[in-house]
Amino acid sequence: MKMEDMPLSGPDNTRLEALAHDIYSELVEDACLGLCFEVHRAVKQGYFFLDETDQESMKEFEIVDQPGVDIFGQVYNQWKNKECECPNCKRLIAASRFAPHLEKCLGMGRNSSRIANRRLASSNNMSKSESDQEDNDDLNDNDWSYGAEKKSDQNSPRRSKSLKHKNGESIWYNYNTGISYETLGPDEVRSLLTTQCGVISEHTKKMCTRSQRCPQHTDEQRRAVRLFLLGPSAPTLPDADAVETDSFDIPDAQPLMSRLQWEDSDISPTDSASSKASTNHSDSRKPKKKKKPSLPLNSGGSSSQSNISISTKKKRPKLSAPPISSIYDDLA
Amino acid sequence: MRDSYNRFISLSLFLSPSLPAKSCICHMCGAHLNRLHSCLYCVFFACFAKKHIHEHAKSKRHNLAIDLLYGGIYCFMCQDYIYDKEMEQIAKEEQRKAWKMFVCPCKCVPGIGEKYSTWEPTKRELELLRHNPKRRRITSNCTIGLRGLINLGNTCFMNCIVQALTHTPLLRDFFLSDRHKCEMQSNSCLVCEMSQLFQEFYSGHRSPHIPFRLLHLVWTHARHLAGYEQQDAHEFLIAALDVLHRHCKDDNGKKANNPNHCNCIIDQIFTGGLQSDVTCQACHGVSTTIDPFWDISLDLPGSSTPFWPLSPGGDGSALNGESHTTGATALTDCLRRFTRPEHLGSSAKIKCSGCHSYQESTKQLTMKKLPIVACFHLKRFEHSAKLRRKITTYVSFPLELDMTPFMASSKESRMNGQYQQTVDPFNNDNKYSLFAVVNHQGTLESGHYTTFIRQHKDQWFKCDDAIITKASIKDVLDSEGYLLFYHKQFLEYE
C-alpha cells in the first residue's frame, strides 16, 4: 500500500492504528534483517564458530568451592619450596625469605649499615666468604617485621658480645641464637658443618655453633647430624690437621682466651630464651603459617645443588691447622 | 561507487534534508519499503522483496546492487551477499565521516563521534584459530584472572594491593589490550612489570605467582618504602601509583611530569580533584583551591579526635532517621564528616584578600572531580604522640555508593550542615560500585592483610596471599574494612 493513498487526517482511529502497526512491523523487520546480515557476514567471513570452546578446557578452569581447598582445587600451604633469583645479586633465594634478603641486598634495611660497617672494619682479616655467615646471622635477626622497634632490647646482649670480638671473629657471632637449619640452603649447611659442631639441640631445634671439638657434644652426635643433614655423601669429621675453616688469623692467644671464657659459660639458657622469644614473635605475626618446611635434603637436595650457580659462591681458602684443638686439649 | 555509497547509505540512514526521501522508491512498483536496492552500475532503485531488482540485473546485466538499509552488496551471479575488503574499507571510511558530520539541530550532542566496531580476526588469525581449537573462554565460572601470590616475607601488604589493582576493570582492560608502549631504556619500568603481572594472572596457571621482580622494582623506585616499618598497604598503594604514574607517558608520548597535564592511565583512572573552600567569616568571601588526590583518608570514631557531631552547631542526626548514638557508623557518616564545614577557630586566622585582614574562617572540603576508581582509606592506625594503636570500630560500607551529596556541586544544600538526600535516579554520574576490600587482621605490631575482590558481577573471592577462595557478599560486608575500592558504574565519553 502506498503511503500517499492513506489519508492521515480525520479522527479515524483504525487507520491510524493500522498505520502505526505498519511502521512498527517495518521497524521490527529492519532490526531482524540487520541481525541476519551480521550472522551471514560472520559465517561467510569464517569467524562465526570461532568462540566455541571445548568441554575439556572449560572443565579445567572451573571454580572449585569446597572447604580445605582453594578455587583451583589445590590444598593450602603446599608452596613452601618456591625459589626466585634476586635481580640484584643473582642468587637463588627461597621465595618466603626474599624480602628480608632484598632489604639487605639493596642496603636498605635498618641493619644494613651496621653490617656494612662491620664488614669494613674486619675486611683486613677476613675473606669475602664471611658474608655467608653474616647472612645467616641476619636471617636470625628477625628484624624484618611490622613495627618491631622493640626488638632493639633483645639485640643488645648480642651486640655487646660482638664488640668483644671485633677483629675477624665474627663467625662466633652466632653463638647466642644458634642456627635454624631449616632456613638454610644445602650449600650453606655444608659450609657450616665444616666449621661448626652442628649438633641439633633437642629443645631449640637449632644447630650448635661451637667449634667441631666443642665439649658439649660428642663426635658421635656430630657424625649423626652430618648424616642426617647431608646424606651418606657427607664429609667425615676432619682430623685436627685438615680442618678447613673460614679464614681467621689468630694472631695471639689473648682474644682466644677471652673467647674461651665466654664459651665455658652456660649458653643454652640464653639460646633458648632468645630463640623462644623470636619463635613466639614470628608465630603471632603469622598465625596461619607454621615454619616447619620439610627438609629437601636427600636426592632432591643434591639435585637442587646443581642448580645453584657455584660461581657466585665465594671460595674458601684452606688454612693450615689452627691451634684451636691444641687449646681445647690444654683445657680439657 | 564511493559516491553511490556515500550519498545513499550514510545519508539515508540519517534522513538528511538534502536528499528527498521521496526519491528512494522502487522504479518499478513505487514501493519505498521491501528492501530497496540500488544498482551499482546505473541510477536505478528497485525493491528486493518483489524481485524487481533481480529483473533489472538480468535485463541490463548489471550484476551488483547495494542494499539501501545496511549497505550490503548483492551479487546476482553468486546469488548472495558478498563482502569485499575494498568496498568495506570505503564503507567504514564514509560512515566515520558521516558520524562526525552529524550534528543534532538542537546541539544537544557535539557529534556522535566514532562508531564502535568489534574486533574481527584477520585471515592469518582465522587460520591460527582454526588450527588450535582449544579455547579458554572467561565465563562467570572461570578461574582465569584469579591467581594467588606468594608471600615474600611479610609482603602481604603488597600482595593485597596487587590483587586490588589486577581486578580494577579499567586497568585490566588497559593492560590486556596491550596499550602500554614502553619508552624506558632499561628494563626497570614498573608499568611493563604491571603488564607482565596481568599476563601472569590471565595465563591460566594455578600455582601462585612470585612477585619478587615487582617488589624489587617498587623498592628501587620508591626507596623511602623499603626497609622501614612502613609496611602499610595504604603507603604501598600510594607509592606504587606514584611510580606507575612516573613511568607512564601521556598520549602525546611526552613524559608525564606535570600533574595537571598528565593523561596517563593512572591519572585517568585514579586521580580526582578535591576542592577546599575557605570562607572568611567577616566578608563571606570564598577562596577556593583544588588539589589532586588518589585516595580519601577518613577519620573514624574511636580515635583521639572527636568524630561526632558532624557539623558545627547541628548534630547531623536529621538525616534519614539515622542517629549517631545507636547503630554502626557508616561510610557515608565518615564522608559527611570529611566534607563538613569546619570552623578554624581564633588561633588559626586566615588572611582574607577581601577584607585585607586576618579573620576567622570556615573551611570545607568537597569533591570537585571524582576519579573513576575511588579509594577510601579508613584511618585505623593511630600514630599520635601519646599512643599507637589500631582502631577496630566497625564501619559499615555499602555495595553501591552515590557520591552526589559529597560533591562540590551539592555544597549549597549542605551549607548549614543540613543534609538532604535528593537522589536523582537519572543522574548516573556519581554512582559507584564496590569491587575490592583490603582488610587488616591483628594489631599494630603484627598483623596480616587480606583482600576481597569482585571478579564477575556478583562473585567475590578472598585473596589471602597464595590462597584464593570463594567468599560471600556477607563476608565482604561484615569485614572490618581498611581500604575500600569503588568503581564508577557508568563511564562517559569525554
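1. On a 1 Å grid over the protein atoms alone, a pocket is an open set of points where a 1.4 Å probe fits, with protein on both sides within 12 Å along at least five of seven lines, and its lining residues have an atom within 4 Å of a point. In this predicted model, the second largest pocket is lined by 41 residues, of which Arg41(A), Tyr47(A), Glu88(B), Lys92(B) and Glu120(B) lie nearest its centre. Helices (H or I, at least four residues) and strands (E, at least two residues) are DSSP runs, numbered from the N terminus. Two or more lining residues come from each of helix H1 (13–45) of chain A and, in chain B, helix H1 (2–14), helix H3 (85–101) and helix H4 (123–131).

2. The space in the second largest pocket is about 1800 Å³, where grid points are joined across faces, edges and corners and the volume is that filled by probe spheres set on the points. Its lining divides into 20 nonpolar, nine polar and twelve charged residues. In this division Ala, Val, Leu, Ile, Met, Phe, Trp, Tyr, Cys and Pro count as nonpolar, Asp, Glu, Lys and Arg as charged, and the others, Gly among them, as polar.

3. On conventions, the model is a predicted one, in which local features need pLDDT of at least 70 and side-chain atom pairs count only at pLDDT 80 or more, while totals for chains, interfaces and linings use all residues. Residues are numbered from 1 along each chain as its sequence is written, chains are lettered from A and ligands numbered from 1 in the order in which they are written, and side-chain values use heavy atoms, with hydrogens and water left out.

4. Chain A holds twelve helices and two strands, in the sequence pattern α-α-β-β-α-α-α-α-α-α-α-α-α-α. Of its 332 residues, 42% count as buried; buried means under 20% relative accessible area, exposed over 50%, and partly exposed in between (1.4 Å probe, protein chains only). Among contacts in chain A with a separation of 6 or more, 60% involve residues 24 or more positions apart, a contact being heavy atoms within 4.5 Å.

5. Helix H3 (residues 98–105) of chain A is mostly covered, with six of its eight residues buried. These are Phe98(A), Ala99(A), Pro100(A), His101(A), Leu102(A) and Glu103(A). Just after H3(A), Gly107(A) adopts a positive phi of about 75°.

6. Chain B contains an open sheet of five strands in the order E2-E1-E3-E4-E5, with antiparallel pairing; two strands pair if DSSP finds at least two bridges between them. Strand E2 (45–47) and strand E5 (80–82) of chain B are the edge strands, each pairing on one side only. On average, neighbouring strands of this sheet are turned by 40° against each other, direction ignored. H1(A) packs on the sheet, where it touches strand E3 (64–67) and E5 of chain B, and its direction makes about 70° with that of E5(B). Axes are lines fitted to C-alpha atoms, for helices over the stretch in contact, and angles run from 0 to 180 degrees between N-to-C directions. Strand E4 (residues 73–75) of chain B is joined to E5(B) by three bridges, and Cys75(B) stands opposite Asp80(B) in E5(B).

7. A further open sheet in chain B has four strands, ordered E7-E6-E13-E10, with antiparallel pairing. Its edge strands are strand E7 (286–293) and strand E10 (342–343) of chain B. Eight bridges link strand E6 (residues 272–280) of chain B with E7(B), and the bridge partner of Leu274(B) in E7(B) is Asp291(B).

8. In strand E14 (residues 373–378) of chain B, six of six residues are buried. Val373(B), Cys375(B) and His377(B) point one way, and Ala374(B), Phe376(B) and Leu378(B) the other. E14(B) pairs in the parallel sense with strand E8 (residues 296–298) of chain B over three bridges, with Phe376(B) as the bridge partner of Ile296(B). E14(B) also pairs in the antiparallel sense with strand E23 (residues 483–488) of chain B over five bridges, and there Leu483(B) is the bridge partner of His377(B).

9. Thr329(B), in strand E9 (residues 329–330) of chain B, counts as buried because its relative accessibility is 8%. Not counting residues up to four places away in sequence, its contacts include Pro301(B), Phe307(B), Trp308(B) and Tyr394(B). Leu387(B) lies in the loop between strand E15 (381–383) and strand E16 (388–390) of chain B and is partly exposed, at 31% relative accessible area.
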